[in-house]
Amino acid sequence: MMLKNAKLYGQEGTWNIEVLNGKIEKINHSSNTSEGNYDHQIIDLEGKLVLPPFVEPHIHLDYVLTAGTPRWNQSGTLFEGIQCWSERKLVVKETKEDIKNRALKALEMQLKHGIQHVRTHVDITDPSLMGLKALLEVKEEVKSWMDLQLVAFPQEGIYAYPKGDELLEEALIMGADVVGAIPHYEMTREDGVQSVKKALELAYKYGKMVDVHCDEIDDEQSRFLEVVAAEAYKLGIGELVTASHTTAMGSYNDAYTYKLFKLLKQSKINFVALPKANLHLQGRFDSYPNRRGITRVKELLESNINVCFGLDSIMDPWYPLGDGNLMRVVEVGLHACHMTGYNDIVTALNLITTNGAKTLNMQAEYGIKEGNKANFIVLDTNSEYEAIRCQPAVLYSIRNGEIIVETKPAETKMNIPVFS
Ligand code: FE2
């Protein structure tokens, strides 16, 4: 395959990408008319934007497409969401196949929108660990078109749920890639601190990554992020550790945040912000002014701390909407985080590409570089700016040199007088 006249994300001019045996053989400037060495298929992209595949760093595939059963979350709070999920476990007796089918439907939605790498949390506060068993099978079944990382996620707490710590360890032994925690949901501050320490200890013991649902609350006193960062720093595993949500940081005072940022930089931990989910969930206990409930994305990025964006949910008790499209998350997130300066806009796709890859610790094999796997997507636009403004379709998703998704953009015919 050769992709001719590609506009590479973040670069000027147009380029020819030669693909051979599923890998990127060569990248030449389009003006270079050499014969090249590639498989027979040639696609002239006419300057369309080419990027590495989108990365979804935070979704709950075991929850997708469950909103409304047994009841809808009417308050929109995180806590009613957790309550709805607990009630669902009591009345809806799903089989492993049911969970797999829902997850596969969601993965297809994500693939359609240009995603090829997903980190999913899986609730392991269930003595049968059925969700994890289902997702371990899904991971294997989809690997030709989607890379999946599984987080062993103790939704109801490591210590607030009976034998939560034992289930977490069992999930890691079964094959989960990442250790989860939810300290702000534990019964006490002390249990929350202990849960973070336990998660990092287990990660260190089993050679896993860590991704903590951290301070997903509007309480300015919720300060488990400092514990995550400090423990990661002490163990020297910060680059393998992620703090997801951290919405309380949107309520921290600036003096404390100034001190906190020094530790965050030292620790090298990653952040996942989930703008759509948290605009929906947070601020629910506020009157007016009503807080946005989003972490300090702009300030973290300005401090060279890695931040990426995720969706979190597709129709589940915590968020009733969502279709797997990360471009929409970026658009909403830029607004919510006051990141609508020109430079913010033209680099915004970093939030769902390279920054996500770094969070998933897969940056070594990620990106459009000679020798890498021929994995990329093509957007129906000629510039980074227009990609954000117009939300174009993903024309192609290419994996190992094969087109695995192809979308024909909609056509509009206007029957009005032309002013020219
Ligand atoms: Fe989440």
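**Strand E8 and the iron site**

Strand E8 (residues 147-153) is largely enclosed by the rest of the structure, because 6 of its 7 residues are buried. Buried means under 20% relative accessible area with a 1.4 Å probe, protein chains only. Strands are DSSP runs of at least two residues (E) and helices of at least four (H or I), numbered from the N terminus. The model is predicted: local features need pLDDT of at least 70, side-chain atom pairs count only at pLDDT 80 or more, and totals for chains, interfaces and linings use all residues. Residues are numbered from 1 along each chain as its sequence is written, and side-chain values use heavy atoms, without hydrogens and water.

E8 runs parallel to strand E7 (residues 115-123), joined by 7 bridges; pairing requires at least two DSSP bridges. Val151 of E8 is the bridge partner of His121. In E9, Val151 is partnered by Val178. Strand E9 (residues 178-181) pairs with E8 over 2 bridges, also in the parallel sense.

The iron ion is coordinated by His58 (NE2), His60 (NE2), His213 (NE2) and Asp312 (OD), at 2.2 to 2.4 Å. Donors are N, O and S atoms within 2.8 Å of the metal (3.2 Å for Na, K and Ca); water is not among the atoms, so sites may look incomplete. Along the chain, the donors follow the spacing H-x1-H-x152-H-x98-D. His213 lies in strand E10 (residues 209-214) and Asp312 in the loop between strand E13 (307-309) and H10, so this pair ties together parts 99 residues apart in sequence. His213 and Asp312 are both buried.

Terms used
Buried means under 20% relative accessible area, exposed over 50%, partly exposed in between (1.4 Å probe, protein chains only).
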